[in-house]
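Below are some notes for a colleague who will be reading the model alongside the text. The points are numbered so that each can be checked separately.

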Amino acid sequence: MRGEFIDVNGARLYYYAAGSRGAGEPVVFLHGFPTSSHLWTDVVPLVPKGHRVVVVDLLGYGRSDRPAGRDVSVRGHAERVVGILDALAINYAAIVGHDVGGGIAQTMAVRWPTRVSRLMLVNSVGFDLWPGREVKVARAMLPLTRHLPATWLLSILRTDLMRGYVTSDRGTHSIEMYVRPFAKPDGRDSLVEHMMSLDSGETRAIEPRLKDIVAPTAILWGAEDPFLPVSIGRRLHMEIPGSSLAVVPDARHFTPEEAPEKVANVLTELLAR
Amino acid sequence: MTTSRLEMMRAMVAKNPSNVLARFGLANEALKAQLYEEAAEHLRVYLDHHDDEGNGFGRLADALVKLGRVEEARDALLKGIDASRRFGHPGMVNEFEARLDELEGE
């Protein structure tokens with residue numbers, strides 16, 4: 001496994017490559033808000049042999065550059081992921097997305113259908129059913145709260161994110177990794193930019209075109225997700241032709257971390273379709 | 001599983017032959033099933049009606065090479081280079097140029 005930076009339209013993005021090149025098409029993993037490539041750590045080793053694997057830190061997350069005013073909407077991220085594919089000479093890849101990463105994956109499947117060989121959505125955003133009430137409230141308060149110390153915003157974020165984990169030890173460890181880039185004043189500005197961009201405009205816009213997705217699609221959901229309820233997964237399953245839906249009992253939002261074997265099993269089945 | 005998905009895509013195209021993305025999806029399933037003639041047929045319809053960014057031409061070239069139609073594959077790659085350059089996909093341009101060089105030897 002090796003990590004590298006790649007320049008996409010002036011933004012320095014971090015990714016790491018894993019797996020082995022073979023007959024299978026590449027697999028690209030996309031995280032959501034406010035996580036990073038760390039989300040997929042336990043899934044990546046379980047990807048079937050013969051697939052090149054690319055795990056991305058989206059702009060403003062993990063080790064990638066701060067947004068600094070660049071577009072961090074679902075559409076903006078999707079355009080940069082296509083830029084990553086170009087830079088890595090990947091014409092056609094299976095795209096796996098969690099949370100906002102799932103929205104990015106849907107956008108790619110709709111707007112760049114010939115670049116997406118297969119689509120996997122894990123506890124994904126969708127339709128106009130996100131962001132949740134807590135994010136909307138926090139966003140409404142940003143004109144006031146954005147001037148407060150980063151520690152204040154982060155303490156709220158930590159508490160809220162913990163609801164997405166079944167296992168508190170794992171949650172505590174991962175959340176610390178996820179919020180670390182936001183702990184300094186410039187990090188707080190990034191966090192504010194992300195929160196302002198958590199908007200369902202793009203997933204609403206592509207909703208009528210979900211029925212045109214021709215890539216084999218698998219949908220996987222933690223049954224007890226407190227942020228993105230499984231009803232979103234069921235509706236995506238209804239809209240995307242030929243898609244499969246698997247629900248993991250007792251799992252919450254961070255399914256790739258808490259049920260990596262389930263994620264890998266569904267991915268393995270999808271790659272064999 | 002491939003067969004059922006192939007049938008599903010065939011049904012989708014039969015229901016709405018003007019759905020060019022369904023044509024692309026069907027072509028991909030046909031490629032997986034090594035039905036290269038069928039894949040090429042649907043890719044041509046797709047490419048005639050959709051402003052492809054390059055990869056569709058590459059997939060057509062894949063099918064044509066398998067069918068031994070090297071001249072047509074070369075033509076598809078040249079169109080793919082043009083499209084991917086127009087849409088700003090330099091990685092794809094490089095790959096298609098390399099594939100074109102490989103075909104020169106055949």
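1. Contact here means heavy atoms within 4.5 Å, and helices (H or I, at least four residues) and strands (E, at least two) are DSSP runs, numbered from the N terminus. The model is a predicted one, in which local features need pLDDT of at least 70 and side-chain atom pairs count only at pLDDT 80 or more, while totals for chains, interfaces and linings use all residues. Residues are numbered from 1 along each chain as its sequence is written, chains are lettered from A and ligands numbered from 1 in the order in which they are written, and side-chain values use heavy atoms, with hydrogens and water left out.

2. In chain B, helix α5 (residues 70-86) packs against helix α6 (residues 90-104) at an angle of about 160 degrees, the axes being 9 Å apart; axes are lines fitted to C-alpha atoms, for helices over the stretch in contact, and angles run from 0 to 180 degrees between N-to-C directions. α5(B) and α6(B) are therefore roughly antiparallel (angles under 35 degrees count as roughly parallel, over 145 as roughly antiparallel, 65 to 115 as roughly perpendicular and the rest as oblique). Residues of α5(B) in this contact include B:Leu77, B:Leu78 and B:Ile81, and those of α6(B) include B:Phe96, B:Leu100 and B:Leu103. By class, the contact of α5(B) with α6(B) has 10 nonpolar, two polar and five charged residues, where Ala, Val, Leu, Ile, Met, Phe, Trp, Tyr, Cys and Pro count as nonpolar, Asp, Glu, Lys and Arg as charged, and the others, Gly among them, as polar.

3. In chain A, the axes of helix α1 (residues 74-87) and helix α2 (residues 100-111) come within 9 Å and cross at roughly 70 degrees, and the two helices are therefore roughly perpendicular to each other. Among the residues that meet are A:Val81, A:Val82 and A:Leu85 from α1(A), with A:Ile104, A:Thr107 and A:Met108 from α2(A). The residues of this contact divide into eight nonpolar, three polar and two charged.

4. Helix α5 (residues 150-162) of chain A and α6(A) have axes that come within 10 Å and cross at roughly 140 degrees, so that this pair is oblique. The contact includes A:Leu157 and A:Leu161 of α5(A) and A:Ile175 and A:Val179 of α6(A), and its residues divide into six nonpolar, three polar and two charged.

5. How many salt bridges does the rule find across the interface of chain B and chain A? The count there is zero, although over all chains it comes to 27; a salt bridge is a side-chain nitrogen of Lys or Arg within 4 Å of a carboxyl oxygen of Asp or Glu. At that interface 26 residues of chain B are in contact with 19 residues of chain A. The buried area is about 1,800 Å², of which carbon and sulfur atoms give 56%, buried area being the accessible area (1.4 Å probe) that two parts lose on being put together, summed over both.

6. A:Asp42 forms a salt bridge with A:Arg170, with the closest N and O atoms 3.4 Å apart. A:Asp42 lies in the loop between β3 (27-30) and β4 (52-57) of chain A and A:Arg170 in helix α6 (residues 168-179), so the pair ties together parts that are 128 residues apart in sequence.

7. A cis peptide bond joins A:Phe33 and A:Pro34, with omega about -10 degrees, and A:Pro34 lies in the loop between β3 and β4 of chain A. Another cis peptide bond joins A:Trp130 and A:Pro131, with omega about -5 degrees.
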